[in-house]
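Please look through the sequence and the structure shown here before reading the notes on nonpolar cores and charged pairs that follow.

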Amino acid sequence: MFKIIAPSLLSADFANLQKDIEMINNSEADWFHIDVMDGVFVPNISFGMPVIKAIKKHAKKTLDVHLMIVEPDRYISDFKKVGADILTVHYEACTHLHRTIQAIKAEGMKAGVSLNPHTPVSVLEHIIADLDLVLIMSVNPGFGGQSFIETTYTKITQLKKMISESNSKALIEVDGGVFDKNINQLSRAGVDAFVAGNFVFSNENPSAVISLLKSKALEI
Ligand code: DX5
Ligand code: ZN
């Protein structure tokens with residue numbers, strides 16, 4: 001069994017990004033979770049291509065890029081160029097989601113779709129077989145350090161069922177408010193990959209926190 005820990009660089013020290021990247025390289029983390037926000041789809045702006053390109057220079061693990069932007073199709077090849085390995089778009093931001101997913105795959109990246117807390121998993125019924133990843137938002141996207149929304153568990157159970165009934169290979173990732181007290185229950189519900197920002201980087205020993213999260217995720 002594998003369980004993936006994906007620390008979110010949104011909570012890293014942007015003035016010492018290389019240090020935090022090396023910490024992740026040398027930790028039990030599996031992916032770098034990279035949050036791109038445009039100030040339109042979400043009420044916040046994070047960072048874009050030049051920063052991701054700089055991260056890629058030092059990162060030795062998968063770049064899991066989460067786009068919280070409108071019209072993501074305009075930038076798919078740019079995200080490939082700066083080093084994205086997994087590219088996740090929001091269901092709520094894509095009018096022609098099937099086309100967007102095919103375009104991501106055509107660039108040689110893994111394709112993910114993210115759902116806001118109010119969006120039911122049933123909207124993915126006709127696309128689930130094409131997806132490499134579904135990212136369930138367990139907070140409203142836009143900011144780190146928010147509280148976990150409890151209805152997420154039901155969505156994960158429903159998604160797990162949909163995936164197994166459709167022969168999909170999609171991984172389930174959860175993002176927002178993940179910490180040592182809920183990661184085990186999420187893991188038991190079927191989550192494969194866990195994003196954690198504030199809980200990791202607010203601790204003086206982030207690498208130990210990553211190990212703690214991993215061991216709790218594996219205790220099933
Ligand atoms: C929120 C981002 C998350 C965020 C999670 O919009 O998508 O990835 O960094 O942070 P925490 O773990 O602090 O809730
Ligand atoms: Zn995210």
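Predicted model: local features only at pLDDT ≥ 70, side-chain atom pairs only at ≥ 80, totals over all residues.

A residue is called buried when its relative accessible area is under 20%, exposed when it is over 50%, and partly exposed in between. With these cut-offs, Asp85 counts as partly exposed, because its relative accessibility is 28%.

**Nonpolar cores**

- The largest nonpolar core has 62 residues, and within this core Ile34 and Phe79 are the members that touch the most others. Helix H5, which covers residues 152–165, supplies the largest share of this core, namely five residues.
- If residues up to four places away in sequence are left aside, Phe79 is in contact with Val36, Met49, Ile52, Val65, Leu67, Ile69, Ala84, Leu87 and Met109.

- Side chains of opposite charge can pair when their charged atoms come close.
- The side chains of Asp85 and Lys56 form a salt bridge, with 3.3 Å from N to O. Asp85 sits in the loop between helix H3 (76–82) and strand E4 (86–90), while Lys56 belongs to helix H2 (residues 49–58), so this pair ties together parts that lie 29 residues apart in sequence. Lys56 counts as partly exposed, because its relative accessibility is 32%.
- The side chains of Asp30 and Lys214 also meet in a salt bridge, at 2.7 Å from N to O. This pair links distant parts of the chain, since Asp30 lies in the loop between helix H1 (17–25) and strand E2 (31–37) and Lys214 lies in helix H8 (residues 206–218), 184 residues apart. Asp30 has a relative accessibility of 26% and therefore counts as partly exposed, whereas Lys214, at 12%, counts as buried.
- Another salt bridge joins the side chains of Asp20 and Lys19, with 3.9 Å from N to O. Is Asp20 buried or exposed? Asp20 counts as buried, because its relative accessibility is 7%, whereas Lys19, with a relative accessible area of 56%, is exposed.

Note on methods: Residues numbered from 1 in each chain as written. Chains lettered and ligands numbered in written order. Heavy atoms only, no water. Core = buried A, V, L, I, M, F, W, Y, C linked by side-chain atoms within 4.5 Å. Buried < 20%, exposed > 50% of the residue type's maximum accessible area, 1.4 Å probe, protein only. Helix = DSSP H or I, 4+ residues; strand = E, 2+ residues; numbered from the N terminus. Contact = heavy atoms within 4.5 Å. Salt bridge = Lys/Arg side-chain N within 4 Å of Asp/Glu carboxyl O.
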